[in-house]
Amino acid sequence: MIAKALSADRLDPVEEQHKAHERPLFSGLPGDIAISFEFFPPKSEKMEAKLWDAVNELAPLAPDFVSVTYGAGGSTRERTHNTVARLIAEAGIPAAAHLTCVDASKAETQKIAEAYWEAGVRHIVALRGDAGEPGAPFVPHPDGYNNAAELVAGLKEVADFEISVAAYPEVHPDSDCPQSDLDNLKRKIDAGASRAISQFFFSADTFFDFTDRCLAAGIYAPVVPGILPVTNVAQARKFAGQCGAVIPDWMDGLFDGLDERPAARQLVAATVAAELCRRLYAGGVRQFHFYTLNRADLAYAICHMLGRRPKDIAS
């Protein structure tokens, strides 16, 4: 029984369930999805080689963009800039740079944004950011931006950047309630953001409930689901604690006993993430953002199962 009305652009889940029972779950998907990938700047030559292996493997899928993270406290500022500039210059992929409010004045942040624009960056993922110490509260720079909404507005004063912001389907840990979290998201969109990219989650219903609440709150910009293929549950729990996501108990059972079986662990990880994406697709989602952790194999496999192939992309 369907408990709530369907959004206008959402497919009928009953019809999708019939399709799933009548044929293999991933058969016949046309690849009509938009995709993007997130990387983090490498710390060493070995990690840099691994990153570019991932970039070269994923580039033929023609992502709308790739984004590069920005370390806590601005700790990766130079490496983020260099990675983004190289992606644009050498890989020819539209690249988005993460930028935060942490430990920088407005003038310093604007200079960074100007340098990005000069390097060919036209897309920024604007985040409030967190302090370098785990669990430490965010404290604005005395002359800096107080929050992501202010950062978005400031970036728009520098240049006509395309701007993505973060969304939290399971509520940001610093928010006192879901409504205040939604209000904050709306302020970011109203300040000039083009889209929101969600933190990761593991239930399609969680995402759909969130997007319904966004619409009810007057947030009409696209909300793109962020997908994290999990191979290490302990690591995922650490990430989840930082962004308010919930790791379901059943995930521990799936990965139990696979510590010394990397191939099996990869297979389980791809299956879990691909099924989540298929449920989202059945609900009308056509945009996906993958947190790659600088690895291409899982994201590539999931895109492949969703029908996205290099040969489908016009040259």
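# Notebook: helix faces, barrel strands and a buried threonine

I began with α4, where the face turned away from the buried side carries the exposed residues Lys 111 and Glu 118. I am working on a predicted model, so every entry here describes that model.

**Helix α4.** Next I asked which residues of α4 are buried. They are Thr 109, Ile 112, Ala 113 and Tyr 116. I then looked down the axis of α4. The buried residues fall within an arc of 100°, so they line one face of the helix. I checked what this buried set packs against and found α3, β3, β4 (123-127) and α5 (148-158). I also checked the length. The 13 residues of α4, at 1.5 Å a residue, should span 18 Å, and the end C-alpha atoms are 18 Å apart, which agrees. Just past the helix I noted Gly 120, with a positive phi of about 95°.

**Helix α2.** I listed the buried residues as Leu 51, Trp 52, Ala 54, Val 55 and Leu 58. Around the axis they cover an arc of only 155°, which puts them on the same side of α2. I then turned to the face pointing away from that side. It carries the exposed residues Glu 45, Lys 46, Asp 53 and Asn 56. For the buried residues of α2, I logged packing against β1 (34-39), α3 and α11.

**The barrel.** I stepped back to the whole chain and counted 11 helices and eight strands. How are the eight strands arranged? They form a closed barrel in the order β1-β2-β3-β4-β5-β6-β7-β8, with parallel pairing. The twist averages 30° from one strand to the next. As background, strands of a sheet pair through backbone hydrogen bonds, either parallel or antiparallel.

I followed a few pairs around the barrel. β4 and β5 run parallel and are joined by four bridges. Here I found Ala 126 opposite Val 165 in β5. Four bridges also join β5 to β6 (residues 195-200), again in parallel. On that side, the bridge partner of Ala 167 is Ser 198 in β6. I looked at burial in β5 (residues 162-167) as well: five of its six residues are buried, so I noted the strand as mostly covered. Further on, β7 (residues 223-227) and β8 (residues 287-291) pair in the parallel sense over two bridges. Ile 227 stands opposite Phe 290 in β8.

I placed Thr 80 in helix α3, residues 77-91. Is Thr 80 buried or exposed? At 0% relative accessibility, Thr 80 counts as buried. A polar atom of its side chain lies 2.6 Å from the backbone oxygen of Thr 69. I listed the residues Thr 80 touches, leaving out those up to four places away in sequence. They are Pro 41, Val 68, Thr 69, Tyr 70, His 98 and Tyr 116. Tyr 116 is also on my list of buried residues in α4.

I went on to Thr 69, in the loop between β2 (65-68) and α3. Its relative accessible area is 17%; the cut-off for buried is under 20%, so Thr 69 is buried. Leaving aside neighbours within four places in sequence, Thr 69 is in contact with Glu 38, Phe 39, Phe 40, Pro 41, Thr 76, Thr 80 and His 98.

**Positive phi outside glycine.** I flagged two loop residues. Asp 103 has a positive phi of about 55° although it is not a glycine. I located Asp 103 in the loop between β3 (95-100) and α4 (106-118). Its relative accessible area is 52%, so Asp 103 is exposed. Asn 294 has a positive phi of about 65°, and it is not a glycine either. I located Asn 294 in the loop between β8 and α11 (297-305). At a relative accessible area of 3%, Asn 294 is buried.

**Whole-chain totals.** Last, I noted two overall values. Of the 315 residues in the chain, 46% are buried. Among contacts with a separation of 6 or more, 79% are between residues 24 or more positions apart.

Note on methods
Residues are numbered from 1 along each chain as its sequence is written. This is a predicted model: local features need pLDDT of at least 70, side-chain atom pairs count only at pLDDT 80 or more; totals for chains, interfaces and linings use all residues. Side-chain values use heavy atoms; hydrogens and water are left out. Two strands pair if DSSP finds at least two bridges between them. Axes are lines fitted to C-alpha atoms, for helices over the stretch in contact, and angles run from 0 to 180 degrees between N-to-C directions. Buried means under 20% relative accessible area, exposed over 50%, partly exposed in between (1.4 Å probe, protein chains only). A polar contact is a pair of N or O atoms within 3.5 Å; within protein, one must be able to donate a hydrogen and the other to accept it, and residues adjacent in sequence count only if both atoms are side-chain atoms. Contact means heavy atoms within 4.5 Å. The expected span of a helix is 1.5 Å times one less than its number of residues. The arc is that of the directions from the helix axis to the C-beta atoms.
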